[in-house]
Amino acid sequence: MPLDPEKRRAYEAAEYVVFFEPELVFRVGEPSPALDEVLDSLEAQTAAFVTAANPHGERRPDEENRAAHAELLKSSFLADYETFEGEGRDPFRRWPAEPSLLIVGIARREAAALGVAHDQNAIVFIEKGRAPELVVLV
């Protein structure tokens, strides 16, 4: 079943936040020099922003989302990558923030597989020098 247009708009409007000091905030479709600097500093060309919260875009209780995030952190997919904690935020505050990870150096195919493994509708994929891209998985 294709992604519901309302959910797609929500993902495209979201703020993707990495817990650096200060926070790094980026959006789908908008170039992010700060994100490119992070990739440069880590000698990487790619990254992905992935959550395990609210599978299939269906709101779950906070404790379930925390447990899903803990499972994501234990994923064998992540063993070879540097990761940074963050969250996806609804800029209109109608949806609770979702615990997420920025995974540096991961390939698109691996990032998509990780999203699918955690029942996600989409991930955000980043290539240095390009605007972050919403990758729909359903």
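The legends below describe close-up views of a predicted model. Local features need pLDDT of at least 70 and side-chain atom pairs count only at pLDDT 80 or more, while totals for chains, interfaces and linings use all residues. Residues are numbered from 1 along each chain as its sequence is written, and side-chain values use heavy atoms, with hydrogens and water left out.

**View 1. The largest pocket and its lining.** Rolling a probe the size of a water molecule over the atoms shows where empty space is left. A pocket is an open set of points, on a 1 Å grid over the protein atoms alone, where a 1.4 Å probe fits and protein lies on both sides within 12 Å along at least five of seven lines. The largest pocket has a volume of about 660 Å³, the volume being the space filled by probe spheres set on the points. Its lining consists of 31 residues, where a lining residue has an atom within 4 Å of a point. Nearest the centre lie Lys7, Ala10, Tyr11, Trp95 and Glu98.

**View 2. Where the lining of the largest pocket comes from.** Helices (H or I, at least four residues) and strands (E, at least two) are DSSP runs numbered from the N terminus. At least two lining residues each come from α1 (5-13), β3 (46-51), β4 (82-89), β5 (98-104) and β6 (122-127). The largest share, 6 residues, belongs to α1. By type, the lining has 16 nonpolar, 7 polar and 8 charged residues. Here Ala, Val, Leu, Ile, Met, Phe, Trp, Tyr, Cys and Pro count as nonpolar, Asp, Glu, Lys and Arg as charged, and the others, Gly among them, as polar.

**View 3. Strand β1 between β4 and β2.** Two strands pair if DSSP finds at least two bridges between them. β1 runs antiparallel to β4, with 4 bridges, and antiparallel to β2, with 3 bridges. Tyrosine 16 has glycine 88 as its bridge partner in β4 and phenylalanine 26 as its bridge partner in β2. β1 and β2 form a hairpin with 5 residues between them. In a regular strand the side chains alternate between the two faces of the sheet. In β1, Glu15 and Val17 on one side and Tyr16 and Val18 on the other are all buried, that is, under 20% relative accessible area with a 1.4 Å probe and protein chains only.

**View 4. An aromatic cluster of Tyr16, Phe26 and Phe49.** Rings of Phe, Tyr and Trp (its six-membered ring) pair if their centres lie within 6.5 Å; planes under 30 degrees apart count as stacked, over 60 as edge-to-face and the rest as tilted. The count comes to 4 aromatic pairs. The rings of phenylalanine 26 and phenylalanine 49 have centres 5.6 Å apart and planes at 90 degrees, so this pair is edge-to-face. The pair links distant parts of the chain, with phenylalanine 26 in strand β2 (residues 24-26) and phenylalanine 49 in strand β3, 23 residues apart.

View 5. Most residues other than glycine have a negative phi, and most peptide bonds are trans. Asparagine 54 is buried, with a relative accessible area of 2%, whereas arginine 93 is exposed, at 57%, exposed meaning over 50%.
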